Amino acid sequence: MKIQNVHDEAFRPYGKVITTVDCTSLCEAMMNTECPADHTIYVASDPEIEKVDSFAAFRDQVYGGMPIQIGYCNGSNHKLNGLEYHRDSEVNVAVNDLILLLGKEQDIDPETFAYDSSKIEAFLVPAGTCIEVYATTLHFAPCNASEPFRCVVVLPRGTNGKLTTQIPRDGENRLLAAVNKWLIVHPESKMADFGAMASITGENITL
């Protein structure tokens with residue numbers, strides 16, 4: 001698969017590079033977080049990471065004053081496995097080089113929720129780069145560029161938390177896996193065994 005770069009024009013439909021926030025102290029703080037060599041971990045909100053100076057800039061400038069959380073997705077991954085989307089943008093900071101596999105929500109069949117993995121594009125996010133991933137961009141855990149990755153994840157506060165209300169499990173509601181998280185997975189993914197909608201067709205892309 002061709003690996004593009006988030007600085008390329010091809011990334012524009014999916015997001016943009018943010019250059020207005022100094023992420024130096026954030027990346028330094030991230031070096032104290034766990035980074036498994038054989039799997040990934042996700043922490044939605046890390047109180048220590050949220051103490052960094054850039055927290056206010058993300059809240060007040062990037063999210064326009066909305067309550068936010070800063071966490072991370074760290075570890076090692078080489079497969080697509082699944083795709084999620086939110087009702088808002090997600091901000092990522094690559095502490096070291098990583099690759100994102102991205103698609104477009106508009107390419108999900110509105111009736112069957114099928115998505116053809118051949119539509120996926122891969123983008124390198126160089127170390128130290130901060131990006132906005134638009135709400136309509138399908139994404140999931142990063143993939144290794146070479147070594148295990150550390151990736152900052154900024155989202156509106158509460159995102160990816162446990163659902164606390166019962167809703168009819170029909171239509172798009174069938175994809176709602178957590179607060180502000182709609183998810184589809186590949187049949188080969190272990191997430192399919194736990195009831196996630198296994199509607200990604202084609203290859204489970206491996207890098």
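## Burial and overall form

In this predicted model, buried residues make up 50% of the 207 residues in the protein. A residue is called buried when its relative accessible area is under 20%.

The protein has 2 helices and 16 strands. Its radius of gyration is 16 Å, close to the 17 Å that the globule rule gives for 207 residues, so the protein is as compact as a globular protein of that length. Along the principal axes, the C-alpha atoms fill a box of roughly 45 × 40 × 35 Å. Contacts can also be sorted by how far apart the two residues are in sequence. Of the contacts with a separation of 6 or more, 78% are between residues 24 or more positions apart.

## Strand E13 and its partners

Strand E13 covers residues 149–156. Is this strand mostly covered or mostly open? E13 is mostly covered, with 8 of its 8 residues buried.

E13 pairs with strand E4, which spans residues 68–75. The two run antiparallel and are joined by 8 bridges. Within this pairing, tyrosine 72 stands opposite valine 152 of E13. E13 also pairs with strand E6, again in the antiparallel sense, over 4 bridges. Here asparagine 92 has valine 153 of E13 as its bridge partner.

## The largest pocket

Rolling a probe the size of a water molecule over the atoms shows where empty space is left. The largest pocket in the model has a volume of about 660 Å³. Its lining is made of 31 residues. Which of them lie nearest the centre of the pocket? They are Thr40, Cys73, Asn77, Phe140 and Ala141.

E13 returns here as a contributor to the lining. Strand E3 (40–43), strand E6 (90–94) and strand E13 each supply at least two lining residues. Sorted by class, the lining of the largest pocket has 14 nonpolar, 10 polar and 7 charged residues.

## The second largest pocket

The second largest pocket holds about 190 Å³ of space. Residues lining this pocket include Arg169, Arg174, Leu175, Leu176, Ala177 and Leu183.

How many residues of each class line the second largest pocket? There are 8 nonpolar, 1 polar and 2 charged residues.

## Strand E5

Strand E5 runs over residues 82–85, and both of its faces are covered. Gly82 and Glu84 are on one side, while Leu83 and Tyr85 are on the other, and all of these residues are buried.

E5 is joined to strand E15, residues 181–185, by 4 bridges, and the two strands run antiparallel. In this pair, leucine 83 stands opposite isoleucine 184 of E15.

## Alanine 122

Alanine 122 lies in strand E9, which spans residues 121–125. Why does alanine 122 count as buried? Its relative accessibility is 0%, and the cut-off for a buried residue is under 20%.

Leaving aside residues up to four places away in sequence, alanine 122 touches Met1, Lys2, Ile3, Gln4, Ile99, Leu100 and Leu101. Aspartate 46 is 76 residues away from alanine 122 along the chain, and the C-alpha atoms of these two residues are separated by 28 Å.

Technical notes: Residues numbered from 1 in each chain as written. Predicted model: local features only at pLDDT ≥ 70, side-chain atom pairs only at ≥ 80, totals over all residues. Heavy atoms only, no water. 1 Å grid on protein atoms, 1.4 Å probe; cavity = no way out; pocket = protein on both sides within 12 Å on 5 of 7 lines; lining within 4 Å. Points joined across faces, edges and corners; volume = space filled by probe spheres on them. Nonpolar A, V, L, I, M, F, W, Y, C, P; charged D, E, K, R; others polar. Buried < 20%, exposed > 50% of the residue type's maximum accessible area, 1.4 Å probe, protein only. Pairing = 2+ DSSP bridges. Rg over C-alpha atoms; globule rule 2.2 N^0.38 Å. Contact = heavy atoms within 4.5 Å.
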